[in-house]
Amino acid sequence: MTAMDGTADEPLAAPVAARAKAPATHWISWVALAMMTTSSVASLRAAPTMAVYGLACVFLYIVPAIVFLLPTSLVSAELASGYGGGVFNWVSRGISKPMGFLAVWCQFAMTIFYYPSLLGFVASTLAYVINPSLASSGVWTACVIVVIYWTGVWVSSRGTSGVAGLASGGLIIGTLIPGVVLVVLGTVFLGQGNASAAPMDSSHLLPAWAGLSSLVLIVNNFLSYSGMEMNAVHVGSLRKPAKEFPKAMFLAMGMVLLIFILPALAISWIVPADQLSLTAGVMQAFDAVFAQFGTQWLTPVFGIMLVAASLGGMLTWLAGPSKGLLLISREEGYLPPFLQRVNKQGVQQNILVTQGVLTTVIALGYAFIPNVSSAYWIFSVITTQVYLIMYLLMFVAAVRLRRLEPDHPRGFRAPMLVGLCGVGFAASLAALLIGFIPPSQFGGGSTASYLLIVGAGALGLGLLVPFLFFRFRKPSWKQADAHDPLVEADVDITKEVPEP
């Protein structure tokens, strides 16, 4: 590979050189990085899913944190500190360019099912602001998803630069304040002598075993912990990444676990598992605990806080993955010209609209699948499985790059990389396969229908569609004025990352 001016691989040493030249004002502390990581990972949305397990949710959060969150954090940090360009560059150099396209496609494709599940949570939360009975209505949920998503597409297609700030306070407004209030009131609820809806004795530390189907809901935690490869880009802004990045990740992991576990426990104290909605469980708990203290008027207030934070996050993420897919596809000709077109603001409007059509079709699933919680779970597991394909490729690429390019400059070297990748790969593969098993907690439906929907969504969208794009691509799909994304990645890594 050559640099943009035709010279040899000089930019490959750029990550180390860039850090050496970065002015002190651009360094960030490891505590700041831990807070950034926490804000991008932690959320209350998954709490009802784990509250079903009661006290066992502690175990089910800690295990994925050890076998998935920690390996992805450390491995992606090494890749980000040595190679720019994100997963496309990492997988392309470590395996092949077609596999690099598959990795970046999965990063984008998972959002097609992610937004219906995210907005399903928004719809159920919004119902408690208007009429709580709407929370179980599939038609209401589908309508909210369609209206909000297309509004987001319209906002994003206008190239509005200000939307990036909408989610800046999301961690405080939509996660920390509601989470702390829920835990405090739940503790007071128990302190007043009320019995916990879920058993809290030592015999319930582990989930009841009823075969693999009893552990299927743990798959949702892999999605909760995903996205660490995006945070890893900040490793180059630490003064001593080899020492400070692991400390930042362990601190972040501790804070994330507290934010995930305590609200889930609080919900399990208040709402019985057989009455818990996966989409409206947070609002069910707020409604019940506020009613207990005679402050039920606060329920819609907290509903608005949760909705505002979720919508801000949706808008800031809506155009991101599709933008990366657009740039790489124009460089390599992976997508047809129709999907490569941009509007006058330079926004990939055709990709967003196509994604919107698919999101609309998927949203109708809430209207036709009898149980809103079942629809939410199905879309969440498809999202997770598609994303896990990317992580499988990332772990393989990391091992190959360490072996093929052992002397390549890296600002951070993950300890026991092969072992970390082995654990992360095995955990990701197990979670992907377990996702095909219908969960025992929400049975009663057709197993064949479940397998068909999940299989078509995860394997069809995650593997078949990108294969067809690659198989039938034409030379004319490649933009004549495009640059090599791998070269640009090496150049981009020299840019300083400003302190947030």
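Q: How many contacts beyond four places in sequence does the model have for residues 484–500, and where does pLDDT stay there?
A: It stays under 50, and the model has 49 such contacts for residues 484–500. Here pLDDT is the predictor's confidence in each residue, from 0 to 100. Contact means heavy atoms within 4.5 Å. Where pLDDT is low, the predicted coordinates should not be read in detail.

Q: What kind of model is this, and which residues do totals use?
A: This is a predicted model: local features need pLDDT of at least 70, side-chain atom pairs count only at pLDDT 80 or more, and totals for chains, interfaces and linings use all residues. Residues are numbered from 1 along each chain as its sequence is written, and side-chain values use heavy atoms, without hydrogens or water.

Q: What pLDDT does the protein average?
A: The average is 80, and 83% of the residues score at least 70. Residues 1–25 have pLDDT below 50, with 44 contacts beyond near neighbours in sequence.

Q: Why does arginine 93 count as buried?
A: Buried means under 20% relative accessible area, exposed over 50%, and partly exposed in between (1.4 Å probe, protein chains only). Arginine 93 has 16% relative accessibility, so it counts as buried. Its side chain makes a polar contact with the side chain of glutamate 405, at 3.4 Å. The term covers a pair of N or O atoms within 3.5 Å; within protein, one must be able to donate a hydrogen and the other to accept it, and residues adjacent in sequence count only if both atoms are side-chain atoms.

Q: What makes α5 mostly covered?
A: Eight of its nine residues are buried. Among them are Phe88, Trp90 and Arg93. Helix α5 spans residues 86–94. Helices (H or I, at least four residues) and strands (E, at least two) are DSSP runs, numbered from the N terminus. The protein comes to 20 helices and zero strands.

Q: Why is valine 139 called exposed?
A: Its relative accessible area is 51%, so valine 139 is exposed. It sits in helix α7 (residues 138–157). Valine 139 and tyrosine 366 are 227 residues apart in sequence, yet 6.8 Å apart in space, C-alpha to C-alpha.

Q: Is glutamate 78 buried or exposed?
A: Buried, because its relative accessibility is 3%. Glutamate 78 lies in helix α4 (residues 57–82). Beyond four places in sequence, glutamate 78 touches residues including Arg402, Arg410 and Arg413.

Q: How do α16 and α17 pack?
A: Their axes are 8 Å apart, at an angle of about 150°. Axes are lines fitted to C-alpha atoms, for helices over the stretch in contact, and angles run from 0 to 180 degrees between N-to-C directions. The contact of α16 with α17 has six nonpolar residues, one polar and no charged. Ala, Val, Leu, Ile, Met, Phe, Trp, Tyr, Cys and Pro count as nonpolar, Asp, Glu, Lys and Arg as charged, and the others, Gly among them, as polar. In α16, Ile362, Gly365 and Tyr366 take part.

Q: Which members of the largest nonpolar core touch the most other members?
A: Of 155 residues, they are Tyr61, Val75, Trp105, Tyr225 and Phe245. Helix α17 (residues 372–404) gives the most to this core, with 22 residues. A nonpolar core is a set of buried Ala, Val, Leu, Ile, Met, Phe, Trp, Tyr and Cys residues joined through side-chain atoms within 4.5 Å.
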